[in-house]
Amino acid sequence: ADNKKTLPKMFNDRLIESHSRSLFTSSEIYNAAFESDFRRFKNDSKMKSICPGKWTFLWLKIVLKEHFLIIDRCYIRMLCHDIESYQLELKIKNCLAIINDIVSHSEDVITTTNNIIENVLETIGKMLTEEFKNTSDIYRYMFMKIIVLVSQSIYIDILEVASEIATAVELFMEDFFVPYANATGLQKDENEYRKNRIYNKSVGKELKSAQDTLKRVFIRYCKRPKWINDEIFKEQEEKKMVDAIKEAEEKAKTGKKKKQKKVNDDSVDPLTGSRKLSPKGRKVYWMDLTNWLEILNDLKLFNEDFSVRDGRRCFFLSRMMSKDESKYLLIRKTLNYADFLEAICRLVDNLQIPTKAELKANEVSTFSELLIKRQIEHAVGDDTLDGWNSVGMHKAWKMKEPMTGSLVSKLSIMMPFLVDQIKNSIAIGKIKSVERAKIKNQSL
């Protein structure tokens with residue numbers, strides 16, 4: 001998978017768009033993400049009060065960096081569970097609920113300890129709601145702060161088994177987070193899924209067969225382009241300026257003079273006539289979470305075995321890591337086209353799909369024909385289909401066991417179905433729009 005010749009070219013956007021400038025999240029970006037989070041964490045007034053001195057922060061930094069992967073995985077899980085709400089209090093409660101789930105998962109936890117932790121989480125929740133009242137979202141460094149506060153309350157203030165905050169955090173991570181991560185496979189990162197499941201010629205061939213439709217769907221659901229003034233845009237614009245200046249100088253040497261229009265615009269370079277950096281930035285079509293969930297809803301994929309939470313998980317795990325998620329909000333909250341293709345692959349891996357042998361046994365050639373034969377609108381997760389495995393075996397979140405079944409085989413069966421579904425949904429949407437327009441005209 002490390003050989004670029006074997007990788008699908010349609011993922012090459014990541015070589016330009018991602019901070020790693022790679023098809024994988026690099027260790028440099030991983031370290032940069034931690035450093036940016038810890039910098040904000042360290043500048044927090046509350047953290048300064050409980051971590052007096054440079055050496056206390058240094059020791060705590062070592063502990064947090066050692067467990068950063070687990071912290072990040074739990075943070076992503078919190079985002080997957082999060083509800084679409086602008087109420088910070090609900091977001092904090094959800095964040096604390098994830099920590100409570102991690103603690104409750106441990107078989108060694110006793111009822112007394114569990115009650116202590118519940119009381120601690122309730123107290124911290126009230127404190128954070130007041131402290132973060134001017135904040136609209138929860139970021140990873142805030143999640144890190146919550147872990148430190150819970151660790152302090154339990155191991156220093158209540159149990160009194162630690163005197164240093166770094167020791168308390170280490171105990172909390174080792175007692176609860178690490179066992180939880182080992183039991184659920186949280187320590188497997190996105191690069192492993194990409195290398196083992198997505199980045200190969202066969203998967204690329206299946207995605208390429210539906211590329212035109214996928215691209216149109218992607219742009220259609222993005223609705224409108226976004227403007228981003230990032231390093232890539234600046235590099236491109238600066239290169240244009242350098243090339244234009246070189247071209248003007250070469251023409252001056254050869255004696256060829258080109259008539260230039262007089263302009264009084266400060267945004268135009270008088271030497272070359274080229275426009276300088278546009279304050280608007282470069283235009284990109286990137287998909288946010290709302291757009292993604294709208295696709296899944298139009299595909300009628302949500303049911304008892306594939307929830308909105310599963311859809312959110314496909315979205316968040318498909319993003320490339322940003323070197324500073326608090327600063328680069330567009331990268332944090334959206335998918336580019338390459339990310340979108342990975343989300344489609346994770347979606348297919350999450351769904352319960354019949355094999356080609358099962359289609360043949362039912363005397364049909366496509367998934368759509370099978371659904372028509374069973375006279376149901378959508379049968380993903382339907383227990384009446386004999387021989388289908390539990391959808392839980394296909395969950396992208398649970399990486400402890402390898403993905404069952406070939407992703408190529410799943411894509412070959414599922415992609416025509418998804419394309420048909422989305423085309424039908426768009427057609428129905430157009431019909432409804434026409435009907436609404438007629439009703440509106442009649443009322444006038």
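Select Arg 140 to begin: this residue is buried (under 20% relative accessible area, where exposed is over 50% and partly exposed is in between; 1.4 Å probe, protein chains only), with a relative accessible area of 4%. The model is predicted, so local features need pLDDT of at least 70 and side-chain atom pairs count only at pLDDT 80 or more, while totals for chains, interfaces and linings use all residues. Residues are numbered from 1 along each chain as its sequence is written, and side-chain values use heavy atoms, without hydrogens or water.

Arg 140 lies in helix 8 (residues 140-158); helices are DSSP runs of H or I, at least four residues, numbered from the N terminus. Beyond its neighbours within four places in sequence, Arg 140 is in contact with Ala 33, Asp 37, Phe 68, Asp 72, Tyr 75, Met 321 and Glu 325, contact meaning heavy atoms within 4.5 Å.

Next, select helix 9 (residues 165-184), which has 20 residues. At Glu 174 helix 9 bends by about 40°, the angle between axes fitted to the seven residues ending there and the seven starting there. Its buried residues include Phe 172, Met 173, Phe 176 and Phe 177. Gly 185 follows helix 9 and has a positive phi, near 75°.

Finally, display helix 14 (residues 289-298) with helix 15 (residues 308-317), whose axes come within 10 Å and cross at roughly 130°. These axes are lines fitted to C-alpha atoms over the stretch in contact, with angles from 0 to 180 degrees between N-to-C directions. Leu 289, Trp 292, Leu 293 and Leu 296 of helix 14 meet residues of helix 15, among them Val 308, Arg 312 and Phe 315.

How values were computed:
Helices (H or I, at least four residues) and strands (E, at least two) are DSSP runs, numbered from the N terminus. The expected span of a helix is 1.5 Å times one less than its number of residues.
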